Amino acid sequence: MQIRTLAGLTVSAQGLGCMGMSEFYGTGDQAEAERTIGRALDLGVTFLDTADMYGPFTNERLVGKAIAGRRDEVVLATKFGNERGEDGSFRGVNGAPDYVRSACDASLQRLGVDVIDLYYQHRVDTSVPIEDTWGALAELVQAGKIRHAGISEAAPDTIRRAHAVQPVTAVQTEYSLWTRDPEDDGVLATCAELGIGFVAYSPIGRGFLSGQIRSIDDLDPGDFRRHNPRFQGEAFQQNLRLVDRVREIAEAKGVTSTQLALAWVMAQSDRAGNPAIVPIPGTKRVRYLEENAAAADVGLTDDDLRALEQAAPVGATAGDRYPDMSTVHR
């Protein structure tokens, strides 16, 4: 696996999103999830992404157990800010400094580690000045509890204000062939200007770009994607047409649609004017992890990139990214 540098933090060029191992994407299998994390490390996919809200809280424990004895191999990222209760209830977005400090201590304990490599503000709390939240993160860096700080789903002005208090190592936002927002909203340009890395979550379009989801009934009854606007009605059908165009290009190259989608995101890191970009596809199964990791060896020609641009141009995807968009891009 190649490596990339996110503002001084060296990571594998592809990471592993661990969220679905515990929640949101149907039922999980703890033993298979631990095997998946172990196999990722074996393949050099050492940039692991979790959050306190996943589970809630159980995903950090799972990751901590899986990396026990292999901590030195891992670049460990987790997040705070989406506050949940033990019963799973959502309490809202919290960026209060005292909460930042207590959330970090709790994550360290659940993960079973002494320091977090990259600690993200998961969502922006508009009731708290970003300078206050990031002042607390600066204190955590000084205390040696975190090595780097990041922010997720933030607008360019918010990124700039945070960066002025404590250097932002990475901005994490949804980015894929069917989510091109960071190209248009100034986030990629801001990261490039300030020397900040960019981490792309859902680089396979929440699995849609794999081509394996042909009907809403292909999803488990408890799968949160059933409520996602992009998986509903006419939007679903329009997005299927986009996926089928991508699949045709993948078949011509002799790779899977998933691998092509990931290779496209990874190729954006080499595009003039872009920051370093690292995708973190999520999976909870070894076989999909191996398929994803192999995308690092898929080279895309200029002709391939042009074909993909025609197949999935900016604005081609139907539907919002979330049922409620009020907490993103603040």
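Which helix is threonine 133 found in? Threonine 133 belongs to helix H4 (residues 130–142), where helices (H or I, at least four residues) and strands (E, at least two) are DSSP runs numbered from the N terminus. Before the views, a word on the model: it is predicted, so local features need pLDDT of at least 70 and side-chain atom pairs count only at pLDDT 80 or more, while totals for chains, interfaces and linings use all residues. Residues are numbered from 1 along each chain as its sequence is written, and side-chain values use heavy atoms, with hydrogens and water left out.

View 1. Leaving out residues up to four places away in sequence, threonine 133 touches Phe80, Gly95, Val100, Gln121 and Val128, with contact meaning heavy atoms within 4.5 Å.

**View 2. The largest nonpolar core, with 78 residues.** A nonpolar core is a set of buried Ala, Val, Leu, Ile, Met, Phe, Trp, Tyr and Cys residues joined through side-chain atoms within 4.5 Å. Leu16, Ile37, Tyr119, Leu137 and Ile151 have the most contacts inside this one. Helix H8 (residues 233–253) supplies the largest share of the core, seven residues. A second, separate core has 15 residues, including Val11, Tyr201, Val278 and Tyr322. To look around isoleucine 37, set aside its neighbours within four places in sequence: its contacts are then Leu16, Cys18, Met21, Leu48, Leu62, Val63, Ala66 and Ile67.

**View 3. An open sheet of eight strands with parallel pairing.** The strand order is E3-E4-E5-E8-E9-E10-E11-E12, and two strands pair if DSSP finds at least two bridges between them. At the edges are strand E3 (16–17) and strand E12 (277–279), each pairing on one side only. Strand E8 (residues 116–121) runs parallel to E9, joined to it by five bridges; here tyrosine 120 has glycine 150 of E9 as its bridge partner. Strand E9 (residues 146–152) is largely enclosed by the rest of the structure, because six of its seven residues are buried. Strand E11 (residues 197–201) pairs with E12 in the parallel sense over three bridges, and phenylalanine 198 has isoleucine 277 of E12 as its bridge partner.

**View 4. Helix H5 (residues 156–165) packed against helix H7 (residues 187–194).** Their axes are 9 Å apart, at an angle of about 25°; axes are lines fitted to C-alpha atoms, for helices over the stretch in contact, and angles run from 0 to 180 degrees between N-to-C directions. H5 and H7 are therefore roughly parallel to each other (angles under 35 degrees count as roughly parallel, over 145 as roughly antiparallel, 65 to 115 as roughly perpendicular and the rest as oblique). From H5, Pro156, Ile159, Arg160 and His163 make the contact, and from H7, Val187, Thr190, Glu193 and Leu194.

**View 5. The loop between strand E4 (47–49) and helix H2 (58–67), where proline 56 is placed.** The peptide bond from glycine 55 to proline 56 is cis, with omega near -5°. Phenylalanine 57 lies in the loop between E4 and H2 too, and its phi is near 75°, a positive value in a residue other than glycine. With 11% relative accessibility, phenylalanine 57 counts as buried.

Conventions:
Buried < 20%, exposed > 50% of the residue type's maximum accessible area, 1.4 Å probe, protein only.
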